[in-house]
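Take a look at the chain below. We will walk through it one part at a time.

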Amino acid sequence: MAKRDFYEVLGVPKGSDDAALKSAYRKLAMQYHPDRNPGNDEAEHKFKEISEAYDTLKDPQKRAAYDRFGHAAFEQGGGRGPAGFGPEFSSSMSDIFEDIFGDFMGGGGGGRGRGGQSRLRGSDLRYNLEISLDEAFTGQTVDIDVPTLAACDTCEGTGAKPGTGMSTCRHCNGQGKVRAAQGFFTIERTCPVCNGRGQILEQPCTDCGGQGRRQQNRTLSVDIPKGIEDGTRIRLANEGEAGLRGGPPGDLYIFISLKPHDLFHRDGADLYARVPIAMTTAALGGEFEVPTLDAARARVKVSPGTQPGQRVRLKGKGMPILRSKDFGDLYVQLDVETPQSLTKRQRELLEEFDRESTQDNSPTSDGFFDKLKKMFEG
Ligand code: ZN
Ligand code: ZN
């Protein structure tokens, strides 16, 4: 049977202080003490488990070793059997100590439900990358720094101290699987000691504590394709955290967000811009230029008699369409501006203009006043 985590045995979180450990131990020891449970094998087993866990965790040195290496910590130091056990138990205990190696704490992540191997897989990482609309337009290769767990150079990711190797897991005799009787059934499951590999470390690498990976900054190049949309997720397979002791790495996901642009608003492949034009330009017609994202300029034609809010469509001047050679359109909305603080001469001209105005000059208001007239006449 695999050995349970000492903190789990005592039912306390990993960071618990001495007082919490002691009180948890006392409570459980009282409950499962053999004197209180005569002839109960399960209680006896529990009592031994509790005592062993407390014995280790109450000693700061042993606890530190356990936190780092798990049960493996006690294999090499001669595995002094915890006090208070009879000779019979001690011998079986040392067997267990010898069997168990490599059951490191906090291993893995992932939890892909693919048996023991999943515990060795590195975690997936998320990286948020903000780019400008110009970068989304042209496409870019962006270098990013990712703080991650990368394979340890010293042991080349194996977790084994250089010069040492792996030995056959004795818990499962190298099978990677263990069988346990449960009632009438025999259940086969992944060996919890070697995580199904059938092999365990002889000695952990001192630089990475046997994990085979270390905290490092990695620089990666990310290809941003032309026309990428806000909220796109780019997956870089196998660029996540390194696996535990040479296990498979996780993936890196780059989440793209686009900074707002001063001039353009984007909707899919189309771009929208609002441009103010003078009242006279709207009336007389004209032309002007707008900058475009391809670092060029586009001509916008204003036809005579343009109304406020009217849009001009510039075909193909929008964003590139992902994985295609086509482009969206640019829509320029014309905001007609009414002049302020007129000079005396301008006022005179406008007044004269007003006197000259006819019905045909204002198509919208003519229609409107027709409706109004009908309402008044009822
Ligand atoms: Zn290492
Ligand atoms: Zn095993």
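Leaving aside its neighbours within four places in sequence, which residues is Ala298 in contact with? Keep in mind that this is a predicted model. The contacts of Ala298 are Phe288, Glu289, Val290, Thr292, Leu314 and Lys317, once those neighbours are set aside. Ala298 sits in strand E13, which covers residues 297-302. Take Phe288 from that list of contacts. Phe288 and Ala298 are 10 residues apart in sequence, and their C-alpha atoms are 8.4 Å apart in space. Is Ala298 buried or exposed? Its relative accessibility is 6%, so Ala298 counts as buried. The cut-off for buried is under 20%.

Now turn to the metals. Start with the zinc ion (ligand 1). Four SG atoms coordinate this ion at 2.3 Å, and they belong to Cys152, Cys155, Cys205 and Cys208. The angles among the four donor atoms run from 102 to 118 degrees, and the site is tetrahedral. Along the sequence, the donor residues follow the spacing C-x2-C-x49-C-x2-C. Cys155 lies in the loop between strand E2 (140-151) and strand E3 (166-168), while Cys205 lies in the loop between strand E6 (199-201) and strand E7 (213-224), so this pair ties together parts that are 50 residues apart in sequence. Cys155 counts as buried because its relative accessibility is 4%. Cys205 counts as buried too, at 1%.

Next comes the zinc ion (ligand 2). Its protein donors are the SG atoms of Cys169, Cys172, Cys191 and Cys194, at 2.2 to 2.3 Å. This site is also tetrahedral, with angles of 104 to 114 degrees among its four donor atoms. Here the spacing along the chain is C-x2-C-x18-C-x2-C. Cys172 is in the loop between E3 and strand E4 (177-182), and Cys194 is in the loop between strand E5 (185-190) and E6. The pair links distant parts of the chain, 22 residues apart. Both Cys172 and Cys194 are buried.

Helix H3 takes in residues 41-57. Does its length agree or disagree with what its residue count predicts? At 1.5 Å a residue, its 17 residues should span 24 Å, and the end C-alpha atoms are 24 Å apart, so the two agree. At the start of H3, a side-chain oxygen of Asn40 comes to within 3.0 Å of the backbone nitrogen of Glu42. Several residues of H3 are buried, including Ala43, Phe47, Ile50, Tyr54 and Leu57. An α-helix has 3.6 residues a turn, so residues three or four places apart point the same way.

Terms used
Residues are numbered from 1 along each chain as its sequence is written. Chains are lettered from A and ligands numbered from 1 in the order in which they are written. This is a predicted model: local features need pLDDT of at least 70, side-chain atom pairs count only at pLDDT 80 or more; totals for chains, interfaces and linings use all residues. Side-chain values use heavy atoms; hydrogens and water are left out. Helices (H or I, at least four residues) and strands (E, at least two) are DSSP runs, numbered from the N terminus. Buried means under 20% relative accessible area, exposed over 50%, partly exposed in between (1.4 Å probe, protein chains only). Contact means heavy atoms within 4.5 Å. Donors are N, O and S atoms within 2.8 Å of the metal (3.2 Å for Na, K and Ca); water is not among the atoms, so sites may look incomplete. Four donors count as tetrahedral if all angles lie between 85 and 135 degrees; four count as square planar and six as octahedral if opposite donors are over 155 degrees apart and all others between 65 and 115; anything else is irregular. The expected span of a helix is 1.5 Å times one less than its number of residues. A polar contact is a pair of N or O atoms within 3.5 Å; within protein, one must be able to donate a hydrogen and the other to accept it, and residues adjacent in sequence count only if both atoms are side-chain atoms.
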